[in-house]
Amino acid sequence: MNRYFWILGAFVALVALLAVGLGLNPRDVPSPLVGKPAPAFTLPVLAAPETTLSPKDMQGKVWLLNVWASWCVSCRQEHPVLVEFSKKGKVPLLGLNYKEVRGDGSFDMSKMPAEEEKTLAFQRANQWLAQHGNPYTTTVMDLDGRVGIDYGVYGVPETYIIDKAGVIRMKHTGPITPDVLSQKIMPLLAELNK
Amino acid sequence: MISRRLLLTFVFAAFFGSTAALPVAAEEAAPLAADPVAEKRLLELSNELRCLVCQNQTIADSNAELAVDLRREIRGMIQAGKTNPEIIDFMVVRYGDFVLYRPPVKGITLLLWGGPLALMLVGIFILLRYLRRRAQRIAADQPLSADEAQRAEALLKELDQK
C-alpha cells in the first residue's frame with residue numbers, strides 16, 4: 001500500500017513538472033539587459049534622415065522602445081495596440097526599425113548598393129506607417145541590425161521600457177497584447193513616472 | 001561535428017546530382033577563407049553558441065538571419081583581435097546565459113549540473129538499501145524444521161501418487 005502511494009506520488013509530481021514545463025513559453029528568454037543601462041546608439045531618424053537620435057536624448061523621461069519592421073507579421077498584430085497607446089500620449093514611444101530591407105529576405109543584398117538600401121528602407125518604413133498609422137514619437141533606422149544585436153533582439157517585435165535614468169526596466173518579446181499593456185506595461189509606467 | 005543541415009545538403013546533392021545548394025555555403029565562408037586559423041576559431045566559437053531564433057541549433061548550424069549576423073559579428077571581433085572569452089562575453093551580455101550551450105556553474109544552474117549526479121546517488125542508495133534488505137530477508141528465512149520437512153515430503157508423495 002505504502003509502496004503504491006510512493007509510486008503514485010512520484011507519477012503525479014512528474015506530471016505536474018511536465019505540465020508546468022510545457023506551459024512555459026520557450027521564446028520567452030529573460031534578457032540580461034533588464035536593470036542595465038540602455039545600450040547607446042546614434043541612428044538616423046526616419047522623418048528626417050539627416051538628423052540622428054540617441055538614448056541620451058531621452059534622459060529624464062520614461063520611454064518605450066519598440067522594435068519593428070514592415071516585413072514583420074506579428075508587428076501588424078500589435079500595431080493597433082500601439083496606436084491606441086500612443087493616443088493616450090502618456091510616455092514617448094520610440095520605434096526602432098530593424099533591418100527594414102535586408103531582414104525582408106526577398107532582396108539579394110550582395111547586389112544592392114548601400115545607398116539604394118537606405119533609400120528603399122526609408123521609403124518602405126514611411127509607407128508602412130502611412131498605411132497602418134504612426135504611433136511613434138520618433139522612429140530610428142537600424143539598417144544592418146547592429147543596434148538590434150546590442151539590444152539582444154532576436155525576434156521582432158520586441159519592446160523595452162527605459163526609465164528616467166536610462167536603465168532598461170522591462171523587456172517584452174513578441175507582440176504586445178491589450179492584456180500585456182494593461183497588466184504589465186501600464187502599471188510599470190505609472191510606477192516609474194511617480 | 002558536422003552540421004545536420006550540411007549533411008542533408010550533401011545527401012541531397014548526391015541523390016539528385018545537383019550542386020545548387022553548395023555555392024551558398026561557399027559564399028558564407030568567403031570572408032575569412034584566406035585565414036584558416038581565424039576560420040577555425042569562428043567555427044569553434046559559433047559551435048558553442050545557441051541561435052535564439054531556432055533554439056536547438058548553434059549559430060554555426062543555423063542559417064537564420066540572426067545567426068548569419070552573429071557570425072559576421074564574431075568574424076569582425078576575431079579580426080579586431082578579441083580573445084575567445086571576450087567574444088563569448090559579448091554574446092552573454094546581450095542574450096544571457098541561454099546562448100551558451102555549456103551553461104556556467106552557478107547558483108541557478110546547480111540543479112542542472114548536479115541533478116544527474118544527485119539522481120545517480122539516489123539510485124545507488126535505493127539499490128543498496130534494497131540489496132541489504134534482500135540479504136536480511138534471505139538470512140531471516142529459516143530452513144524448514146524437521147517436522148515441516150516431513151509434512152512437505154508427505155504432501156509431495158501424495159501428489160506423485162495421484
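Predicted model: local features only at pLDDT ≥ 70, side-chain atom pairs only at ≥ 80, totals over all residues.

Here is a short tour of the strands, the core and the rings.

## Before we start

Residues are numbered from 1 along each chain as its sequence is written, chains are lettered from A and ligands numbered from 1 in the order in which they are written, and side-chain values use heavy atoms, with hydrogens and water left out.

## Two buried strands

Let's begin with strand 3 of chain A, residues 63–68. Strands (E, at least two residues) and helices (H or I, at least four) are DSSP runs, numbered from the N terminus. In strand 3 of chain A, 6 of the 6 residues are buried, so the rest of the structure largely encloses this strand. Buried means under 20% relative accessible area, exposed means over 50%, and partly exposed is in between (1.4 Å probe, protein chains only). In a regular strand, side chains alternate between the two faces of the sheet. Here A:W63, A:L65 and A:V67 point one way, while A:L64, A:N66 and A:W68 point the other.

Strand 4 of chain A is mostly covered too, with 6 of its 6 residues buried. From this strand, A:L93, A:G95 and A:N97 point one way and A:L94, A:L96 and A:Y98 the other way.

## How the strands line up

Two strands pair if DSSP finds at least two bridges between them. Strand 3 of chain A pairs with strand 6 (residues 158–162) of chain A in the antiparallel sense, over 5 bridges, and there A:N66 stands opposite A:T159. Strand 3 of chain A also pairs with strand 4 (residues 93–98) of chain A, in the parallel sense over 5 bridges. A:N66 has A:G95 as its bridge partner in strand 4 of chain A. To get from strand 3 to strand 4 of chain A, the chain goes through helix 2 (residues 73–88) of chain A, and this β-α-β crossover is right-handed. That label means that, with the strands pointing away from the viewer, the path from the first strand over the helix to the second runs clockwise.

Strand 4 of chain A pairs with strand 5 (residues 138–142) of chain A as well, in the parallel sense over 5 bridges. In that pairing, A:N97 stands opposite A:M141. Strand 4, helix 3 and strand 5 of chain A make a right-handed β-α-β unit.

## A lysine in a loop

Is A:K99 buried or exposed? A:K99 is buried, with a relative accessible area of 2%, and lies in the loop between strand 4 and helix 3 (114–132) of chain A. Not counting residues up to four places away in sequence, A:K99 touches residues including A:D104, A:D142, B:E65 and B:D69. Contact means heavy atoms within 4.5 Å.

## Rings

There are 5 aromatic pairs over all chains. Rings of Phe, Tyr and Trp (its six-membered ring) pair if their centres lie within 6.5 Å; planes under 30 degrees apart count as stacked, over 60 as edge-to-face and the rest as tilted. The rings of A:Y151 and A:Y160 have centres 5.4 Å apart and planes at 75°, so this pair is edge-to-face. A:F41, A:Y151 and A:Y160 form one aromatic cluster.
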